[in-house]
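Subject: Structure handover

Hello,

Here is the structure I promised to pass on. Please open it and keep it beside this email as you read.

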Amino acid sequence: MITPKSLQWRLSLWLGLGIALVWALAAAVTTQNLRHEMDEVFDSALAETGQRLLPLAVRDIIGRDSEDSASQSVATMREHDEHFTYVVRNAEGQVLLRSHQADPAIFPPFSGMGFSDTPSHRLYSDAALQGTITITVAEPQARRRALAWQVLIGLARPLALIVPISLIGVWAVVRLSMTSLRRFRSEIERRGAGDLTVVAGGDLPSEIRPVAQAVNQLLERLRRALEAERSFTANSAHELRTPVAAALAQAQRLIIETTDAAARKRALDIEAALRRLSGLSEKLMQLARAEGGRLHSAEPVDTGALLRMIVAELTVSAGDAGRIELVLPDAPVLAHIDPDAFAILTRNLIENALKHGSLTDPVCVALSIDGLLCVANAGPAVPQDLLARLLNPFERGRAQAKGAGLGLAIAKAVATGTGSRLELISPREGREDGFEARLQIGRLA
């Protein structure tokens, strides 16, 4: 038998089987005891019948004429089934009197008073007049077995109803007792990847409460470790801004003031490197923000309005009004997502498309009424093996590609933290080239 994996079903199964087994044993013991009591009652009736019939038979036999010594059958007023049959014999074994359905073949020779058994009958024998007249009363064993079987069926019928009801009752009680445990499980399942707060488990059974405490302790240790890591990343990136900005200003001043072409070229290289370092620190701060949790909002926000503002800002930065095509539904698209987190996510997706897409074809940004955000750009198709790695931090599509390789990793972190799903497709649907990022925004209102 395959043991169920669910604790609820295990308890229900074994408790139900245990109750059914107890009921079956109780029924078997009751049947055995009842059979013994019935045998005693039947034996008592059998002996009582023989003891009452013997004086009457003796009186009848003594009152006969001496010539009338042949066997006589007791006449009956109407036909009926005899549960008891009997024969009365003399000392020589000659049958003097018998019931009307008595078969002398089933009665063995008299061997003494008391009970005896044959394969087909239960017998009781008694004697009078110093053993000169004997009586033997017989009862069919089949009748006793039939009555015992009827009693067993009478016990089994209630059990056939009680056992299923007991099993359902056990299942219901176990399920009710497991309510707090199911609530604890559901609380853990509802948690997002960034939610490491303590899980309430005060109403759990005492056997499970240590497990809940251990889980909460583990969550607390994980939270402290992740917060330390994120804090280090965010603080490091933040602290880099000031010296990088100062170094960038000095490099720009050097570019303006120097007249030496070689020095000016080196200053331009320093400026470019510092700008990349500044961009990297900004991305690291965004990554720390994306992995830090608190990405949901208590109230639903209109993601369409947010997307319109983000596209307008990026269009100004790109310096080309036709560089980005925006498609929005007429109705608001509401979602429980933090506005800053949504801005970080969409900005990284659009910047990635602008940076790596074709310079002649616009980037298409579309949001559907059901919360599906698509950011697509033209350009060479990305191999499938590389496509699967682009969501990893510091993974770039090509060695010569610009950027730190953090944009898609940041978008994935925000999507995971908000319960959304980010999917990369290349080539674009219906085309042989291009790249498309699809985001199904979670927790739509």
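Below are notes on one helix, the nonpolar cores, the salt bridges and one threonine.

This is a predicted model, so local features need pLDDT of at least 70 and side-chain atom pairs count only at pLDDT 80 or more, while totals for chains, interfaces and linings use all residues. Residues are numbered from 1 along each chain as its sequence is written, and side-chain values use heavy atoms, with hydrogens and water left out.

**Helix H6**

Start with H6, which covers residues 303-318. Helices (H or I, at least four residues) and strands (E, at least two) are DSSP runs, numbered from the N terminus. The expected span of a helix is 1.5 Å times one less than its number of residues. H6 has 16 residues, so it should span 22 Å; its end C-alpha atoms are 22 Å apart, which agrees.

Which residues of H6 are buried? They are Thr-303, Gly-304, Leu-306, Leu-307, Ile-310, Val-311, Leu-314 and Thr-315. Buried means under 20% relative accessible area, exposed means over 50%, and partly exposed is in between (1.4 Å probe, protein chains only). Seen down the axis of H6, the buried residues fall within an arc of 170°, so they line one face of the helix. That arc is taken from the directions from the helix axis to the C-beta atoms. Met-309 and Val-316 are exposed, on the face turned away from the buried side.

The buried residues of H6 pack against several elements, including strand E7 (301-302), helix H7 (339-356) and strand E10 (363-367). Now look at the ends. Asp-302 caps the N-terminal end: one of its side-chain oxygens lies 3.1 Å from the backbone nitrogen of Gly-304. After H6 comes Gly-319, with a positive phi near 75°.

**The cores**

A nonpolar core is a set of buried Ala, Val, Leu, Ile, Met, Phe, Trp, Tyr and Cys residues joined through side-chain atoms within 4.5 Å. The largest one has 40 residues, and Ile-350 and Val-365 have the most contacts inside it. H6, H7 and E10 are among the elements that each supply at least two residues of this core. H7 gives the largest share, eight residues.

Val-365 is worth a click. Contact means heavy atoms within 4.5 Å. Leaving aside neighbours within four places in sequence, Val-365 is in contact with residues including Leu-307, Val-311, Ile-350 and Val-375. Apart from this core lies another, of 15 residues, among them Leu-46, Val-58, Tyr-86 and Val-137.

**Salt bridges**

Side chains of opposite charge can pair when their charged atoms come close. A salt bridge is a side-chain nitrogen of Lys or Arg within 4 Å of a carboxyl oxygen of Asp or Glu. How many are found in the whole structure? The search finds 16.

- Arg-421 pairs with Glu-423, the closest N and O atoms being 3.6 Å apart. Arg-421 is exposed, at 52% relative accessibility, and Glu-423 is partly exposed, at 34%.
- Arg-438 pairs with Glu-429, the closest N and O atoms being 2.4 Å apart. Glu-429 is exposed, at 60%.
- Arg-431 pairs with Asp-433, the closest N and O atoms being 3.4 Å apart. Arg-431 is partly exposed, at 37%, as is Asp-433, at 29%.

There is also a salt-bridge network, whose members include Arg-35, Asp-39, Asp-117 and Arg-144.

**Thr-31**

Thr-31 lies in helix H1 (residues 7-62). Is it buried or exposed? Thr-31 has 18% relative accessibility, so it counts as buried. Beyond its neighbours within four places in sequence, Thr-31 is in contact with Leu-152 and Leu-155.

Best wishes

Key: A polar contact is a pair of N or O atoms within 3.5 Å; within protein, one must be able to donate a hydrogen and the other to accept it, and residues adjacent in sequence count only if both atoms are side-chain atoms.
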